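Colleague: Let's walk through this model. Pick a spot and start.

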Amino acid sequence: TSNKIRNMAVCAADWLRDIQEDDGNIPPIISPYTHSALRVTWTALTFAAWALAEFGNTIKNSDYILTAQKSFNFAKHSFRQIGHANIPLQALVYFGHLSLELGDLTTALETGGEILNALHRTKPEPILLGTAVTFLKLLEKHDEKMGRKAIQLSYLLREEFEKRIKGDHEI
């Protein structure tokens, strides 16, 4: 039932909120025996924060939105210090979605530019390229260039996917 699913989602969101560190990081792996954690995994952090923001907005719970905002601030500050070129592309895509979910259009557009730069440096797998295309397409109503790039990349995505279906490359 929908109440059961909602209750499970609330439990998961509460757990993420409870394990969040003071600086905003949500540790990626928690040992149930020692309660020790790895410090940061950017892809997991940005995905979890995006999920919290979207869930908080969906059920109108500001605690989850604030938890996501704290992780967003941590990631944003860290990405600027580390340099976006040193952040995994998937983490940038999730961070872009998080930016949109929190209503920070300026950061979302900046992240879109960083994603385009990263795509020039690497040839991502189709699934990763698909998530990047989806994010860039969401930016289209604010920046037509992002929409045009999303369409161009979608052709590349289709070509890569078809190669893999034909067996020319591993999926």
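Modeller: Lys60 sits in the loop between α2 and α3. Helices here are DSSP runs of H or I with at least four residues, strands are E runs of at least two, and both are numbered from the N terminus. This is a predicted model, so local features need pLDDT of at least 70 and side-chain atom pairs pLDDT 80 or more, while totals for chains, interfaces and linings use all residues. Numbering runs from 1 along each chain as its sequence is written, and side-chain values use heavy atoms, without hydrogens or water.

Colleague: What is the phi of Lys60 near?

Modeller: Phi is near 60 degrees, a positive value, and Lys60 is not a glycine.

Colleague: Is Lys60 buried or exposed?

Modeller: Exposed, because Lys60 has a relative accessible area of 71%. The cut-offs are under 20% for buried and over 50% for exposed, with partly exposed in between, using a 1.4 Å probe and protein chains only.

Colleague: Which residue takes a positive phi just after α4?

Modeller: Gly103, at about 80 degrees.

Colleague: Now packing. At what angle do α2 and α4 meet, and how far apart are the axes?

Modeller: About 20 degrees, with the axes 8 Å apart. α2 covers residues 42-59 and α4 covers 89-101. That is why α2 counts as roughly parallel to α4. Axes are lines fitted to C-alpha atoms over the stretch in contact, and angles run from 0 to 180 degrees between N-to-C directions. Under 35 degrees is roughly parallel, over 145 roughly antiparallel, 65 to 115 roughly perpendicular, and the rest oblique.

Colleague: What is the handedness of the α2 and α4 crossing?

Modeller: Left-handed. In that convention the near helix is turned anticlockwise from the far one by less than a right angle; clockwise would be right-handed.

Colleague: Which residues make that contact?

Modeller: From α2, they include Trp42, Phe47, Trp50 and Ala53. From α4, they include Tyr94, Phe95, His97 and Leu98. Contact means heavy atoms within 4.5 Å. By class, the α2 and α4 contact has nine nonpolar, five polar and two charged residues. Nonpolar is Ala, Val, Leu, Ile, Met, Phe, Trp, Tyr, Cys and Pro; charged is Asp, Glu, Lys and Arg; the others, Gly among them, are polar.

Colleague: And how does α3 pack on α4?

Modeller: At about 130 degrees, axes 11 Å apart. That makes α3 oblique to α4. The crossing of α3 and α4 is left-handed. Ala68, Phe72, Ala75, Lys76 and Phe79 of α3 meet Leu92, Phe95, Leu98 and Ser99 of α4. That set splits into seven nonpolar, one polar and one charged.

Colleague: How many residues of α4 are buried?

Modeller: Eleven of its 13, so α4 is mostly covered. Among the buried ones are Leu89, Val93, Gly96 and Ser99. The cover includes α2, α3, α5 and α6.

Colleague: How far does α4 reach?

Modeller: 19 Å from its first C-alpha to its last, close to the 18 Å expected at 1.5 Å a residue. The expected span is 1.5 Å times one less than the number of residues.

Colleague: Switching to α6. How many residues does α6 have, and what is its reach?

Modeller: 13 residues, 126-138, reaching 18 Å, close to the 18 Å expected. Its buried residues include Pro126, Leu129, Val133 and Phe135. Among what covers them are α4, α5 (105-121) and α7 (144-166).

Colleague: Where is His84?

Modeller: In the loop between α3 (62-82) and α4. His84 counts as buried because its relative accessibility is 19%.

Colleague: What does His84 touch?

Modeller: Phe79, Leu92, Glu114 and Arg121, leaving out residues up to four places away in sequence.
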